[in-house]
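Please read it beside the coordinates.

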Amino acid sequence: MPQNAGERGARTSVGGGRESGRGREGERGEGAAGDGQRGLPRWIMERARIVVEERCPGLPVTEELTEGDPVESLLAAAGDSQAVVLGSRDMVPMAGYYLGDIGLRVVARADAPVVLVREREATGPSAEDGPVVLGLSLEGPCEALCEFAFDTAARRGVLLRAVHGRSLPDDAYTRSGVDSRASRRATERAQTELAEALRPWREKFPQVRTAERVRTESPAQAVVRGATGAGLLVVGRRRNRPALSPPVGHALSSAVHHAPCPVTVVPHG
């Protein structure tokens with residue numbers, strides 16, 4: 001997403017990492033095979049640079065190909081960057097985002113926002129100018145997450161749509177189904193909390209048009225469904241997770257695997 005770098009007055013660095021390969025004698029492979037292994041990453045980076053320069057003329061672009069662990073290389077780059085962008089080809093016919101081992105480890109550890117972009121087949125109208133969708137859990141401070149989403153919507157001049165998913169409490173269920181009054185009370189409470197969380201950011205970014213949506217379902221389902229037609233989905237990752245918990249939560253995992261648009265994961269908390 002080089003357009004974002006241009007909007008923020010930044011530069012784009014096209015980078016890649018590859019593990020050092022060794023032959024049977026402990027040396028790097030030589031000859032045609034070795035040359036091909038070294039040449040492919042360079043070719044990919046060159047193609048990426050050309051695409052960026054075509055789409056964003058005048059945007060400074062640098063290239064860097066590192067040796068060693070790709071995860072550590074990307075994390076090092078993230079430490080000096082406003083954001084890290086990771087790409088992947090669409091896993092047709094799978095509908096979900098294929099988050100490989102490298103992407104998962106970068107998302108779980110990066111100090112900077114990580115943008116996940118999947119190359120898709122040309123199906124349906126583009127949503128590049130669609131709204132920025134902000135997925136909020138309302139379970140703790142989320143200043144960095146809201147700041148990123150509102151700032152991005154302001155720079156793009158698009159609507160910001162905040163989405164919150166909340167499962168109904170146990171007392172909302174009866175033998176005959178869902179108690180409509182209990183469901184309504186839970187929804188109204190969530191709407192009040194969501195509006196309060198957004199209030200300071202609406203005041204800071206008065207030029208950003210906003211909408212909010214509370215869905216009485218699991219946060220994972222709410223975020224993915226709420227991203228329909230979006231140009232970007234922004235979700236958070238808490239830095240301080242319990243020691244025995246998975247590296248990313250269920251809602252975040254669902255978003256990066258199944259969202260129909262690029263996803264930005266913002267570390268916070």
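1. Leu104 is partly exposed, at a relative accessible area of 27%. The cut-offs are these: buried is under 20% relative accessible area, exposed is over 50%, and partly exposed lies in between (1.4 Å probe, protein chains only). Leu104 sits in helix α4 (residues 101-109). Leu104 and Val248 are 144 residues apart in sequence, yet 8.2 Å apart in space, C-alpha to C-alpha. Helices (H or I, at least four residues) and strands (E, at least two) are DSSP runs, numbered from the N terminus.

2. On provenance: this is a predicted model, where local features need pLDDT of at least 70, side-chain atom pairs count only at pLDDT 80 or more, and totals for chains, interfaces and linings use all residues. Residues are numbered from 1 along each chain as its sequence is written, and side-chain values use heavy atoms, with hydrogens and water left out.

3. Strand β5 (residues 132-135) is buried on both faces: Val132 and Leu134 point one way, Val133 and Gly135 the other. β5 pairs with strand β6 (residues 160-165) in the parallel sense, over four bridges. Pairing requires at least two DSSP bridges between the strands. Leu134 stands opposite Ala162 in β6.

4. Check the backbone at Leu138. Its phi is positive, about 65°, although Leu138 is not a glycine. Most residues other than glycine have a negative phi. Leu138 is in the loop between β5 and α5 (143-156).

5. The salt bridge count comes to nine. The criterion is a side-chain nitrogen of Lys or Arg within 4 Å of a carboxyl oxygen of Asp or Glu. Glu147 and Lys204 form one, with closest N and O atoms 2.8 Å apart. That pair links distant parts of the chain, Glu147 in helix α5 and Lys204 in helix α6, 57 residues apart.

6. Arg166 and Glu193 meet in another salt bridge (2.6 Å, N to O). Arg166 lies in the loop between β6 and β7 (173-174) and Glu193 in helix α6, so the pair ties together parts 27 residues apart in sequence. Arg166 is partly exposed at 23% relative accessibility, and Glu193 is partly exposed at 32%.

7. Glu203 counts as exposed at 54% relative accessibility, whereas Arg199 is partly exposed at 39%. Salt bridges that share partners join Glu196, Arg199 and Glu203 into one network.
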